[in-house]
Amino acid sequence: MTDNYKDLSITREEVLTAKTKGQDELKRLIQSARNSGELVFILENIGSIPLSFGADCFLSLIEYENKDVRFWAIKNLGKLKSIELLPVFMHIINTESNTSVKREAVSSIGRMRRTEAIPSLISILKDSDPKIVCQAIRGLLVFKGCKEVDTKLKALKDHENEMVVSVIKKEYFGNESTKKDILPHYETYPFLVNTVVKGDVRDIMHYVPDQSVHLTFTSPPYYNARDYSIYPSYEAYLKFLADVFSEVYRITKEGRFLIVNTSPVIVPRISRAHSSKRYPIPFDIHHDLIKMGWEFIDDIIWMKPEYSVKNRIGGFQQHRRPLAYKPNTVTEYLMVYRKQTTRLIDWNIHQYSDKIIEESKVPDNFETTNVWQICPKSDKVHSAIFPYDLCKRVIEYYSFVGDLIFDPFGGSGTVGRTAKKLNRRFFLAEKDPVYFEYMKSFQRENIFEGTPTHFLTLNQFKSTIL
Ligand SMILES: C[S@@+](CC[C@H](N)C(=O)[O-])C[C@H]1O[C@@H](n2cnc3c(N)ncnc32)[C@H](O)[C@@H]1O
């Protein structure tokens, strides 16, 4: 916030002593400052101010050239909580160009907590900067229950800014989704637990109740890049994924997570006379996910060693001709989304007992960055399986012991086996009978150890519910 303090000749103690001696002494100290750095240092270190102090030692600074000086002058004026300063703050709001300074003036009006300030705060709701509007909302929410304030604030539910809308929805329109929450948040339906269903996931999800899944981690079939993923067009492929993920949204519990592993894919050229085509899957499905209500949380990069990926750079290496550069792709995305809610993460956490929270504590040596360096895993039956370490991290970081973890594209069942190992429960769908049988073979080898896993056809699954 401040310039640098290297050459300061003033100490914090001197500022506090001057304040203790009274406003004249403080004013003298402020006037003795040699530059804006010293001025900011003094203003920043004043701390609380007796309400009996006058405003004049700060008033002279509100037009100061340096924005940090203006900011701190206004912050100190705000501490006086004087309604007489309302016109001053309004003048700043109408003339100031710096957002932080302007916001501090709005905050100062809010701090007064005076009904006389309500019309001014209401007038600020028309500001073009959403941060300023949010600050005014904050000041007005002190008067929640007052008819005039409630009417003005409720009208903002149609505001063009999403942040403003989400604050108003939380304050005035409750949480629609919780009304449908039949089970306690930590619970799920027994017929889903440790179950693998053979069939198209779109048919399977049809029988899954609203809000029954705690976490979905999946890697969808890649567009026409492998045998199991043939779609008539890229558009049809994106539509298929949108259908799946909007159903995942419905069956996900309030405020819980979806993590989608994808990367751009390349569909090979048909002959040397044509070029191959690259499809940016993570970027294209992102828009659909946001539209259906998923809130974007994070992008995690899964980074693989170069030796483990296909060599694309070979051709370029020889001739080094610009435009022909094709780097080896060592990354995939783990896009992290949360089901929309007005509740904070703390609410989700506190749906669990202290014992479960303790048991679910993420062990030491967790990853601190969004780049996860993990070797890919090859498999004799399935060509695109998750490495165990990738699943382990996702499940440990985004679920609690006992949670139900869903993978709509189960494949070889890595998500299920890892979930079980980490004392979670799982629900998987897989269309291909070969992979379904492959998962069963893990059962025979007792890899899905512990409580039994149910391998069901779609009809058998239906009959467990009806
Ligand atoms: C990328 S693989 C997932 C591999 C898995 N993550 C693992 O660790 O083994 C995608 C899987 O989705 C399956 N699949 C494709 N379309 C499906 C659909 N409509 N319903 C269910 N499964 C489908 C494919 O057969 C394939 O096994």
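How many bridges join strand β6 to strand β7? Nine bridges join the two strands, β6 being residues 294-303 and β7 residues 331-339, and they run antiparallel. The views below show a predicted model, in which local features need pLDDT of at least 70, side-chain atom pairs count only at pLDDT 80 or more, and totals for chains, interfaces and linings use all residues. Residues are numbered from 1 along each chain as its sequence is written.

View 1. Nine strands form an open sheet with mixed pairing, in the order β8-β6-β7-β3-β2-β9-β10-β1-β11. The edge strands, each pairing on one side only, are β8 (371-373) and β11. Neighbouring strands of this sheet are turned by 20° against each other on average, direction ignored. Helix α14 (residues 281-291) packs on the sheet and touches β3 (252-262), β6 and β7; its direction makes about 5° with that of β7. Helix α21 (residues 458-465) also packs on the sheet, where it touches β1 and β11, and its direction makes about 105° with that of β11. Helices (H or I, at least four residues) and strands (E, at least two) are DSSP runs, numbered from the N terminus; two strands pair if DSSP finds at least two bridges between them. Residues are in contact if their C-beta atoms, placed from the backbone, lie within 7 Å. Axes are lines fitted to C-alpha atoms, for helices over the stretch in contact, and angles run from 0 to 180 degrees between N-to-C directions.

**View 2. Strand β1 between β10 and β11.** Strand β1 (residues 195-198) pairs in the parallel sense with β10 (residues 425-430) over four bridges. With β11 (residues 454-457), β1 likewise pairs in the parallel sense over four bridges. Lys 198 stands opposite Glu 430 in β10, and its bridge partner in β11 is Thr 457. Thr 195 and Val 197 point one way from β1, Val 196 and Lys 198 point the other way, and all are buried. A residue is buried if 20 or more other C-beta atoms lie within 10 Å of its own, exposed if 12 or fewer, and partly exposed in between, with C-beta atoms placed from the backbone. In a regular strand the side chains alternate between the two faces of the sheet.

**View 3. The covered strand β10.** Six of the six residues of β10 are buried. Arg 425, Phe 427 and Ala 429 point one way from the strand, and Phe 426, Leu 428 and Glu 430 the other way. Val 197 stands opposite Ala 429. Strand β9 (residues 404-407) pairs with β10 in the parallel sense over four bridges, and Ile 405 stands opposite Phe 426.

**View 4. The shell around the ligand.** The ligand is surrounded by 18 residues, of which the closest are Phe 409, Gly 411, Ser 412, Thr 414 and Lys 431. The shell divides into nine nonpolar, five polar and four charged residues. Ala, Val, Leu, Ile, Met, Phe, Trp, Tyr, Cys and Pro count as nonpolar, Asp, Glu, Lys and Arg as charged, and the others, Gly among them, as polar.

**View 5. Surroundings of Ile 118.** Ile 118 is found in helix α8 (residues 118-124). Ile 118 is partly exposed because 18 other C-beta atoms lie within 10 Å. Not counting residues up to four places away in sequence, Ile 118 touches Leu 140, Phe 143, Glu 148 and Val 149.

Definitions and conventions:
A residue is near a molecule or strand if its C-beta atom, placed from the backbone, lies within 6 Å of it. Two residues are in contact if their C-beta atoms, placed from the backbone, lie within 7 Å.
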